[in-house]
Amino acid sequence: MAFLRSVARCNSLVSRKVSSTSSVLTAGSIPPAGSSPRGILLSDALSADPNQASLSYLSQVLAGGHLHQRRFRSVAATATSNRAHVESKQQHQQQNPPSSPQRDPLDVGFNDPNAAFKSKTTFELIRAYFVYLLCSSEFLVENNMKLMKLAQTVLGEKLFTLVMKYTFYGHFVAGEDQVKIVPTLERLRSFGVKPILDYSVEEDLSQEEAEKREVENLRVQLMKTIASMNFPVHRPRICSENHLGNPSTLLIGVNPEQGTAIHVRRASVSSTGTNLSGEATSLPQYSVDKTFADRRYKVQSARTYFYLNEATCERNMETFLECLDAVKGATFGTGITAIKLTALGRPQLLLQLSEVIMQARNYMMELAGDTGNVLTHHKTIQDLERYLSKVTDKNEVKKFLEKVTSDKDGILHLFPWSGIINEDCELSETFRVPDPVTGQMRRLISQIPPKEEEMFRNMIRRLNTIVKTAQDLDVRIMIDAEQTYFQPAISRITLEMMRKYNTEKAIVFNTYQCYLKNTYKEVCTDLEQAKRQNFYFGAKLVRGAYIEQERARAAALGYEDPTNPSFEATTEMYHKTLTECLRRIRILKDAKEDPKKIAIMVASHNEDTVRFAIEKMKEIGIHPEDKVICFGQLLGMCDYITFPLGQAGYSAYKYIPYGPVNEVLPYLSRRAQENKGVLQKIKKEKRLLLSEITKRLAKGQLFYKPKGNYVPI
């Protein structure tokens with residue numbers, strides 16, 4: 001079975017990594033018992049405190065990764081019987097598909113309580129109504145985490161768990177593990193709805209602990225950078241400050257070969273770039289400020305991963321792999337797994353790469369004028385040769401131009417971005433450009449210490465493992481969007497994964513946040529790249545989760561606010577971007593090409609946006625059966641949108657969180673906060689719930705049992 005094959009694959013990876021002397025963990029960090037020993041750095045293990053049983057742990061690693069085997073074997077044992085049942089049922093349904101799957105007419109006003117809730121028991125309706133009543137209380141919502149912890153203390157573990165399952169947990173979470181969620185997934189499917197799985201366990205960190213992790217990681221990496229310098233280093237001192245009085249740049253030494261000062265930015269532990277006039281070009285958007293070190297600041301609806309060590313990232317990878325296996329085993333291959341790149345490596349590496357990408361855009365703008373992505377300049381290799389004619393080192397220019405990615409329509413990328421998803425890539429050697437003013441080559445990123453290079457390669461290895469597994473299992477991956485200072489790197493890596501894996505269908509999806517001013521341009525550029533490099537493009541369109549934080553951070557650090565000024569402007573951006581995607585799908589259909597080369601998820605709880613998408617599909621001539629547009633909402637929210645869509649034959653998804661009760665409390669807290677912010681939607685859902693409850697009670701349907709005969713599109 002697929003799950004057992006994944007065990008074998010992971011154990012094979014253990015053997016390969018243990019035999020190599022270049023592997024992964026942060027110096028001195030030994031994973032706790034039960035974590036994956038894949039990629040343990042031998043020197044790290046040996047240099048750790050022997051009193052912490054590092055040698056014992058190392059011996060188990062060298063013995064073949066038994067800890068890892070035991071972990072997977074225990075999960076496999078609990079899932080085997082259930083998986084056999086599911087696979088048998090899947091085979092039966094594939095061999096005996098319903099002769100005429102049920103389809104209902106769609107009320108685009110989304111006012112039909114029967115269509116919204118026919119998949120629910122009467123108890124589930126009453127529970128939902130009760131939960132929404134609680135979410136309407138400002139006091140309860142504002143203090144929900146404290147109240148849940150107090151209830152946990154007063155009631156005790158078992159009674160608290162029972163209460164949560166009958167209230168918030170039962171409403172917003174599908175179950176405790178990938179076995180217990182199967183009944184929920186099967187019922188969703190029987191009513192035409194597919195799942196996006198997410199293991200929603202989170203650390204309940206205090207603000208102080210979160211800030212400490214972010215800032216301490218920067219301090220440690222700074223010390224490692226200084227230690228790695230092979231030339232005399234001055235005592236570090238602050239040489240510039242931002243307007244908040246926070247140190248932003250350190251002078252740490254002088255390179256005796258070039259006679260140049262080495263500056264280290266607090267943001268990324270790398271030197272600042274320079275423009276063609278030789279002036280420093282620090283980009284404040286890509287710096288870290290203590291005020292925003294807790295990346296949950298002003299963020300309600302999105303999960304945040306905080307980096308601890310490489311072992312934690314390995315465990316996160318394993319969790320995503322288990323989600324993929326659950327999707328394959330319980331959803332008949334129609335499900336999706338959502339992942340975050342910050343879970344798979346040190347976030348500051350993404351920040352560094354994001355800054356390089358923006359520096360590359362600035363470099364191209366200085367050479368050719370205009371703004372935006374390199375591809376949008378429509379320049380040729382000959383244009384670049386002319387711009388760089390003053391550079392004295394012609395051999396270096398020639399090497400640079402040989403690596404530029406271009407086609408008959410012009411330059412796509414200045415750098416071989418495909419290299420960044422190569423586990424052997426060295427970032428600091430990749431991002432070097434000819435400087436026509438100085439006549440020399442210069443770096444857009446400083447020489448990165450070997451440890452950081454290895455950490456980046458480990459992040460890419462983890463992502464490659466996940467996406468390759470998704471491809472093997474024939475399920476899909478949605479890579480979530482994050483803050484704007486990470487997003488250029490996330491999008492670039494995601495697009496390269498698309499280019500590598502989306503050769504026959506859309507396996508990898510990127511996420512675009514429409515509250516950003518540049519979303520339309522970014523989507524158009526990425527669509528153009530997919531067309532010119534001939535890969536399938538997958539996108540999830542969302543309004544976005546970080547708008548308040550983005551606005552506050554831009555104001556504090558003194559850079560342009562990247563967000564749209566109003567809700568209406570965000571809606572306009574969403575509709576404009578979606579319309580462009582639909583227009584391009586229509587062009588593919590008219591040209592007799594595969595319209596699935598562009599696949600879009602409309603991930604929105606806004607019924608006006610969903611209605612706009614449906615009407616625009618009809619106007620342009622795109623049908624649900626084309627399987628190029630799908631819709632998605634969270635479990636426990638906006639059922640009156642999701643289920644009517646699925647039952648009418650549209651591709652509809654529910655985002656399905658799961659995990660142990662006590663470990664998903666931060667997720668539940670966010671859902672309560674989010675529902676408080678959309679009281680108008682709650683008002684409508686409460687009205688529809690009350691209508692359906694009243695009707696069932698009047699008909700004596702207290703023990704109504706949902707039974708659907710729908711087949712997801």
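Tutor: The answer below begins with the chain as a whole and then turns to one helix and its surroundings.

This is a predicted model, in which local features need pLDDT of at least 70 and side-chain atom pairs count only at pLDDT 80 or more, while totals for chains, interfaces and linings use all residues. Residues are numbered from 1 along each chain as its sequence is written, and side-chain values use heavy atoms, with hydrogens and water left out.

The protein chain has 26 helices and 15 strands, where helices (H or I, at least four residues) and strands (E, at least two) are DSSP runs numbered from the N terminus. Of its 713 residues, 58% are buried; buried means under 20% relative accessible area, exposed means over 50%, and partly exposed lies in between (1.4 Å probe, protein chains only). The chain exposes about 29600 Å², and carbon and sulfur atoms supply 53% of that area, with accessible areas taken from the Shrake-Rupley method and a 1.4 Å probe, and with only the protein chains shown counting as cover for residues. If we take the contacts (heavy atoms within 4.5 Å) between residues at least 6 apart in sequence, 74% of them join residues at least 24 apart.

The part to look at closely is helix α14, which runs over residues 347-368. Its axis and that of helix α19 (residues 487-501) come within 7 Å and cross at roughly 85 degrees; axes are lines fitted to C-alpha atoms, for helices over the stretch in contact, and angles run from 0 to 180 degrees between N-to-C directions. Angles under 35 degrees count as roughly parallel, over 145 as roughly antiparallel, 65 to 115 as roughly perpendicular and the rest as oblique, and α14 and α19 are therefore roughly perpendicular to each other. On the α14 side the contact is made by Leu-350, Leu-353, Ser-354, Ile-357 and Met-358, and on the α19 side by Gln-487, Pro-488, Ala-489, Ile-490, Arg-492 and Ile-493. By class, this contact has eight nonpolar, two polar and one charged residues, where Ala, Val, Leu, Ile, Met, Phe, Trp, Tyr, Cys and Pro count as nonpolar, Asp, Glu, Lys and Arg as charged, and the others, Gly among them, as polar.

Gln-348 is found in α14 and is buried, with a relative accessible area of 2%; Gln-348 and Phe-486 are 138 residues apart in sequence, yet 8.3 Å apart in space, C-alpha to C-alpha. Leu-353, one of the contact residues named above, has its C-alpha atom 9.8 Å from that of Ile-420, which is 67 residues away along the chain. Ile-420 lies in the loop between β7 (410-413) and α17 (427-430) and, at 1% relative accessibility, counts as buried.

Let us now follow the chain beyond α14. His-378 is found in the loop between α14 and α15 (381-387) and, at 57% relative accessibility, counts as exposed. Most residues other than glycine have a negative phi, whereas His-378, although not a glycine, has a positive phi of about 55 degrees. The C-alpha atom of Thr-376 is 9.3 Å from that of Glu-528, although the two residues are 152 apart along the chain.

Glu-528 brings us to helix α20. At 22% relative accessibility, Glu-528 counts as partly exposed, and, leaving aside its neighbours within four places in sequence, it is in contact with Leu-375 and Arg-584. The buried residues of α20 include Glu-522, Val-523, Leu-527 and Ala-530. The expected span of a helix is 1.5 Å times one less than its number of residues, so the 15 residues of α20 (residues 519-533) should span 21 Å, which agrees with the 21 Å between its end C-alpha atoms. Just after α20, Asn-534 takes a positive phi of about 60 degrees.
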